[in-house]
Structure formats: C-alpha cells, structure tokens
Amino acid sequence: MPTQEPRPQTTEGARAERPLAAHAAAHAGPHTAAIPLTSGARWRAFWVCVSVAAITILDMTKVNVALPSIGDVLDAGSTELQLIVSGFVLTFGLVLVPMGRLGDQRSRRTLFVVGLSLYTVTSVACALAPSAEFLLVARLLQGVAAGIQMPQVLGMAQELFQGKERGRAFGLFGATIGVATAFGPTLGGLLIAVGGPTDGWRLIFWMNVPLCLAAIGLALWLLPDTRTRSRRPVQLDPVGVLLFGASIVSLMWPFLFTTGAPTDNPARWWLLVAFALFVSAFVAWERRYAARGGSPLVPLKLFRVTSYRNGTLLQTAYFTAMPALFLVSTLYLQLGLGLEPVYAGMTSIGFALASAVTSWIGGNLVSDYGRIIVVWGLACMLACVGGLVLTAMFVDPAWAPYVFAAIMTLGGAGGGLVIAPNQTLTLADVPVKQGGLAGSVGQLGQRIGAAVGTAVGLSLFYATIYRESGSRDDLVVYHDAFAFGMLSVGLFLALAFVVAIVDLSSRRKRRPDAAGDAPVL
C-alpha cells in the first residue's frame, strides 16, 4: 500500500502503541503486502466494505418491524420472537473476535466472500422457513455469517486510510450505517405491504440474496489482497476461544429469555454467576498465554489505551440503547396506535436522513474538535428520548406519528454525531495491524449491547402490558408500556453521555495546551 503521512497521537496513545505494535509484529503473522493502491482504488474497496456492513445492519433492523407478522403467520410466541432477533445477535457476537483475529492474520477478502456466501444461503433458508423453529435456526446461522464478514469491514478501513482521510472514511461509514439502521423499519414495512400480511415478511429475507451476490462479485473484483502467503499456522488461541465463547453465552443467555411474561424463569439469572467465573478465567488465561509468548485472542494491552477503552465503552452503551429505541417505538405505533407496519417504519426516515448528513459532517470535523462533538450528539439523543415519551403520553394519537417523525429527525442529527466521530477517536491510537481485532472487539460490545438492550426494553414493554391489561384503558396501557421501555433507552444513553464527559475531561488533563490552537481529540 502507498506510504501515508503519519498521524498525530496523544502522548499516552503513542506510549501504549509501542508495546502493542511490537506484540503485533511478533504475532500477527504475514505483513501487509506492498500494493500500490491509488486513491480511487482505496475508496472503491472502502465502498465494497461499507455495502457489506449496510446489508448486515439493514437486515437486523428491517426484521424488527416484521415481528408481529412473523408471530401471526408462524404462531410464534414472545419468547420465540425475542430469540429470532437476539439469537442472531448472540451468534454474531460469538464469532466476531475470532474472525477479526483471523482476518488480521490472513486474507480479509477471502473472509468477506465466505461470510457473504453463507449469508446468502441462510437468507434463502429464512425466506423459506415453514416454522418458527426453522426460522430461529436459520437466523442463528445467519448471525455466524455476519460475524465472519463484519470484522473485516473496520479492519480493511483501518488499513486503507490514515489521518484525516480516515476520519472522512469513518464519517461516510457512519452515515451509511445510520441510513441502514433507520431505513430498515421503513423498508421492512414496505416489503410487508407489497407481499401482504402472510408472505410479506419473507421478502425481507429474499431481498438479501441479490444484494449479497452483487457484493460477492464486487469483493472479488475490487478488494485488494493485502496479505502475503504464509506457512505459519494460524494462531487463534483455542483455549481462549472456548473461554470467550462460554463467557458470551452465559452473559447473553438470561437476557435472551427475558420477555417480560409472568412465566419467565428467574433461575436464568444465576448464569450471570457463571459469566463472572468464565470471564475471570478468560482474563487469567489471556495474561498467562501472552506471558508465555503466545498470541492471545484479545490482547488485554489494548485496553490500556485510554481512547480505545473509553470509546469502546461508549459505543457499547450507545448501541445498547438504539435497537430498543427503534423496536419499542415500532411496537407502540403498531400495537398501541394501530399503524400499519409501513407507516410505523416511515417515522424513522427523518432519523436516517439526518444521521447521514451529520455523520459525514462529524467525520470531517472530529480531527478539529474531537470528543465534544460526541457529547453534543448524545445530548440530542437524550432530548429525542424525552420528546418521544412526552409525545406518547400527551399528544393526540392522530398526530402522534407525525410528532414522532419530527423528534426522530432531531435524534438522527445527534446519532450521526456519535457513531462516526466516536469510531475515529476509538481507533486513533490502535496499531493498524490490529485494526481488525480492535474493531471486532468494539463490534462485540455493540452486539452484546444490542441483545441486552433489546431484551431489557422488550421485557419492560411487555411486562407493563401483562401487569396493566384489563385494569386500565388499552391506550393508557400502551402509553405506560412505551414509557417504561424507553426508560431503559434513556438510562443507557445517559451512561454513554457520562463516559463521553469523563473521556473529554481526561483528554483535556493530558493535553493542558489544548485550550490553545490544538484540539482536544
């Protein structure tokens, strides 16, 4: 790849990167091939990566609006519907880090094609599902496919760009993800309207097939082969993989089976004790494995980089809130106000458009203004959540969807200022050779957050309905259910806001001269 100008680093980032870079050089396997990519070739490869990410995120969000239809057609209960959404996230999260590690050591392009091929096959299986159980299995396998391809997206972007060009790339990446996230419900509603209440939800999965086939062709044609051949065995730390998998399953399992119904088994929460034991064993093993000269699954030194640690925690909290915001809003509009899926989905169009614009703006401005952009974005998101709850409680139901759409536009403007700038700040001090692994750990936080946030939001929503149904007016019941569901969204966004403030403060303490000409990144 062409020589690129070095990027400025904080003192702590530069100090932390030296041992990380040495570790990467010793254990990451083959070096990046010296391929003379032009600027146009880099950006074409980047857009292939972004299209793959968009397909995955779009699929996650457009399925949400189809849950009532899937429940009616396949006679699926709330637990099965919860697993169709969160089970996908579980398997997605399980393979993210190992596949990110594998991409760092071998060909990202090959993993793109493998993941996309499996995603195509599993999309066909979902579209043809004759029962809820069959659909659930297909969705679990689809999550595996997503976990193979997604770590390569950020790894490739991290490797292709440096400096301000990387900020612009992540700005475009955030804009695309924002559009895919918010347009998913609208697109899902349109497909249900076209296909009808019985088969419309199947079109949601059929749509993936031509998109994936096109992406496979573009990946083979445009993505560079950034790795040389190597006879060295792949180092995946098998014991670490097993302990890591056990940790993820034991953490997410109780939330996967949280539906808010009175029949939820409280014994499931004991698995969190197992999670504490597994994660302790994982950390101890990784330290011992690294001390013996091995290449651990997750280099714990990554978390000594303050910018990476804070950014990862922030995006985990943010993505814990966002899926629940869209899902609870869609359910309220459909079940509480009786809107058709297509109209319920259309309330998020403003979010999509606004987030696309501000993601691009934020990606370009983050190198000049730094973390303060993320702080303002989160403040807008908190205002959006409060506005939605007030609308549901006090605005006439006939006007509520229109007010929802307007407030969602404000939320989208804030969300775009969070995703892309935070991604740039999080990976700024991470060695390029570990970009795939660092990005996949961040993606893991997002997926765990999405599963936990969705389960918490849904359980609060449905628990309120179970508790108040029959004793209060139906509309009042759904008002309350929406308010309790959005309470969890507000709390997780508040956590992200606190982390952003703490990170901003720590950066200013490390850069006392930042009040002058140098920005606090």
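A crossing of two helices is called left-handed if the near helix is turned anticlockwise from the far one by less than a right angle, and right-handed if clockwise. Helices here are DSSP runs of H or I with at least four residues, numbered from the N terminus.

Colleagues, the structure before you is a predicted model, in which local features need pLDDT of at least 70 and side-chain atom pairs count only at pLDDT 80 or more, while totals for chains, interfaces and linings use all residues. Residues are numbered from 1 along each chain as its sequence is written, and side-chain values use heavy atoms, with hydrogens and water left out.

I begin with helix α5. Two packed helices are described by the angle between their axes and the distance between the axes. Axes are lines fitted to C-alpha atoms, for helices over the stretch in contact, and angles run from 0 to 180 degrees between N-to-C directions.

The axes of α5 and helix α8 (residues 208-222) come within 9 Å and cross at roughly 165°. The two helices are therefore roughly antiparallel, a term for angles over 145 degrees. Their crossing is left-handed. By class, the contact of α5 with α8 comprises 11 nonpolar residues, four polar and one charged. Nonpolar covers Ala, Val, Leu, Ile, Met, Phe, Trp, Tyr, Cys and Pro; charged covers Asp, Glu, Lys and Arg; the others, Gly among them, are polar.

Helix α5 (residues 108-127) also packs with helix α6 (residues 132-160): their axes come within 8 Å and cross at roughly 155°. That makes α5 roughly antiparallel to α6. This crossing, too, is left-handed, and its contact residues divide into 17 nonpolar, seven polar and three charged.

I turn to the cysteines. How many disulfides does the structure hold? There are zero, a disulfide being a pair of cysteine sulfur atoms within 2.5 Å. For Cys380, the nearest cysteine sulfur, that of Cys384, is 9.4 Å away. Cys380 is partly exposed at 23% relative accessibility, whereas Cys126, at 0%, is buried. Buried means under 20% relative accessible area, exposed over 50%, and partly exposed in between, with a 1.4 Å probe and protein chains only.

Finally, Phe484 lies in helix α17 (residues 474-510) and is partly exposed, at 36%. Leaving aside residues up to four places away in sequence, Phe484 touches Leu460, Thr464 and Arg467.

Technical notes: Angles under 35 degrees count as roughly parallel, over 145 as roughly antiparallel, 65 to 115 as roughly perpendicular and the rest as oblique. Contact means heavy atoms within 4.5 Å.
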